[in-house]
Amino acid sequence: MPSITINLGSEIANISTYDVYISNCDPTSWQLVADDIVYEDFPITVNPEGFSVNDSCVQYYISGDTGCECSGVTYVTSPTPTPTTTPSITPSISITPTITPSITVTPSITPSITVTPSITPSITITPSITPTITVTPTPSPPPCEEVNIETLTVGSPIEDVNVFLGYMPTSGSGAYQSICDLLLCDSIQDIGIGSGLIECTISIPTMSGLPTTVGECVEIQYPSGSECITYSQTEFNESCVGPAFASQELYIIVPSELGNTVYTLSECGGSMAIQLYGTCDHDPELSDPTGLIVGVNVQLNENGQWVFNGEVEPTLQLDCGIEYHFHVCSSGSTTQLWFADNYALSSESTPNGTDALNSSNGLDNNGAWNSTIVVDTVGSGFPAGSISGTLWYGTNDVEGAAGQIQIIGGC
């Protein structure tokens, strides 16, 4: 009986290993021929007779480790003996035992022949089917997938939170302290904005992915049997959040390999949706960053140097037209981060005087040490207006600028 080749046409998502079985068509008695193989092991070649499968009709079955399965049937034709003998023969026969889909075997024969019934001295086989089997299963992926929302443990008493009523308060003792500051600064134990825990599963369509441009809406869904249903705002309010959060724009953080990204949960087009808002500590280089809030993680190292997204005292290059949030985490009020147009002049050892930038220059909360400095390059105040010359950043109690600020492009 010829060998058969079983192939998997394309790799199946979410399946790591496969098991392969064969059986006679009648009766069915499955025999394992390959155990826990990976996609790269296909195709595999199997001699059915080696697994007690000797019928002309052979079934095959491929099972994935997540339950996905595909199967089929093939017919393997045994050759029909057509002996051809000549008057002079000898008992020496040379036989090629493996027969492939189209092959001619002409053995050397001499007097006195012994014939094995399953193989003839001269045979041409043209099978009615090709033993090579290509299996292309089409399993249906789950219609939606859960969003991995960052959960923080903060407050007094301690509680888990992952949804916020605001991104950044602008008044009171916690002014300009954002949820990104809460995530990035270990010294912050609480935050002056409403927070809670989402009480339901937040899923999005499997093929859509999270939004990557400002203004793009991706529906929020929940699984129901084999389907996924899009939340209306009423359903979301009843199932997912408490009364204080109902019908309000909510903020969440989703971690990824690129960093932490802020998204909003709100109504869009009559249903609940997730939308891109900004980043906590990275610039994902999105195709259309217009309106995006770009976050920068700022730490003070043991040598008293400012570290921006892991780079020590770099030249800050800010794209004109983008709003930047510098999330500052330092040791205390004597190590504030300041932005100025002239830094540490001979008549002034600190930048927090007339040279310090302020709201008229498009900069708020200058001199932060455990909160967020906002630099808005969109408005006409930055870098135009009262600013003249080169821009600098540094620490309030150290003479001399730490680094230069450059504005890229024109506003």
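**Notes on the predicted model**

1. Start with Val33. Setting aside neighbours within four places in sequence, Val33 is in contact with Val20, Tyr21, Ile22, Ile44, Val46 and Phe51. This is a predicted model, so please read every value here as computed. Val33 sits in strand β3, residues 31-37. Its relative accessible area is 19%. The cut-off for buried is under 20%, so Val33 counts as buried. Take one of its contacts, Ile22. Ile22 and Val33 are 11 residues apart along the chain, and their C-alpha atoms are separated by 7.0 Å.

2. Strand β3 also holds Asp36. The phi of Asp36 is near 50°, a positive value in a residue other than glycine. Most residues other than glycine have a negative phi, and most peptide bonds are trans.

3. Check the backbone at Pro43. The peptide bond from Phe42 to Pro43 is cis, with omega near -5°. Pro43 belongs to the loop between β3 and β4 (44-46).

4. Glu313 also deserves a look. Its phi is positive, about 40°, although Glu313 is not a glycine. Glu313 is in the loop between β24 (311-312) and β25. With a relative accessible area of 28%, Glu313 is partly exposed.

5. Now the core. Which members of the largest nonpolar core touch the most other members? They are Phe326 and Phe339, in a core of 44 residues. Beyond four places in sequence, Phe326 is in contact with Val296, Val298, Phe308, Leu316, Leu318, Phe339, Ser371, Thr372, Ile373 and Val375. Another core, of 22 residues, lies apart from this one; Tyr167, Cys180, Ile191 and Val262 are among its members. In soluble globular proteins, nonpolar side chains tend to be buried together.

6. Aromatic pairs come next. The whole structure has 12 of them. Tyr231 and Phe236 form one that is edge-to-face, at 5.8 Å centre to centre with 85° between the planes. Both Tyr231 and Phe236 are buried.

7. Phe308 and Tyr393 form another pair. Their ring centres are 4.9 Å apart and their planes stand at 65°, so the pair is edge-to-face. Phe308 lies in strand β23 (residues 306-308) and Tyr393 in strand β30 (residues 391-395), so this pair ties together parts that are 85 residues apart in sequence. Both Phe308 and Tyr393 are buried. Ring pairs also link Phe308 and Tyr393 with Tyr324, Phe326 and Phe339 into a cluster.

8. Last, the largest pocket. The space in it is about 340 Å³. Of its 17 lining residues, Val296, Asn309, Leu316, Gln317 and Tyr324 are the closest to its centre. Three elements, β22 (293-300), β25 (316-319) and β26 (323-329), each give two or more residues to the lining. Which element gives the most? β25 does, with 4 residues. By class, the lining has 9 nonpolar, 5 polar and 3 charged residues.

9. Val296 and Leu316 are among the contacts of Phe326, and both are among the residues closest to the centre of the largest pocket. Tyr324 is another of those closest residues, and Tyr324 belongs to the ring cluster.

How values were computed. Residues numbered from 1 in each chain as written. Predicted model: local features only at pLDDT ≥ 70, side-chain atom pairs only at ≥ 80, totals over all residues. Heavy atoms only, no water. Core = buried A, V, L, I, M, F, W, Y, C linked by side-chain atoms within 4.5 Å. Buried < 20%, exposed > 50% of the residue type's maximum accessible area, 1.4 Å probe, protein only. Contact = heavy atoms within 4.5 Å. 1 Å grid on protein atoms, 1.4 Å probe; cavity = no way out; pocket = protein on both sides within 12 Å on 5 of 7 lines; lining within 4 Å. Points joined across faces, edges and corners; volume = space filled by probe spheres on them. Nonpolar A, V, L, I, M, F, W, Y, C, P; charged D, E, K, R; others polar. Phe/Tyr/Trp six-rings, centres within 6.5 Å; stacked < 30°, edge-to-face > 60°.
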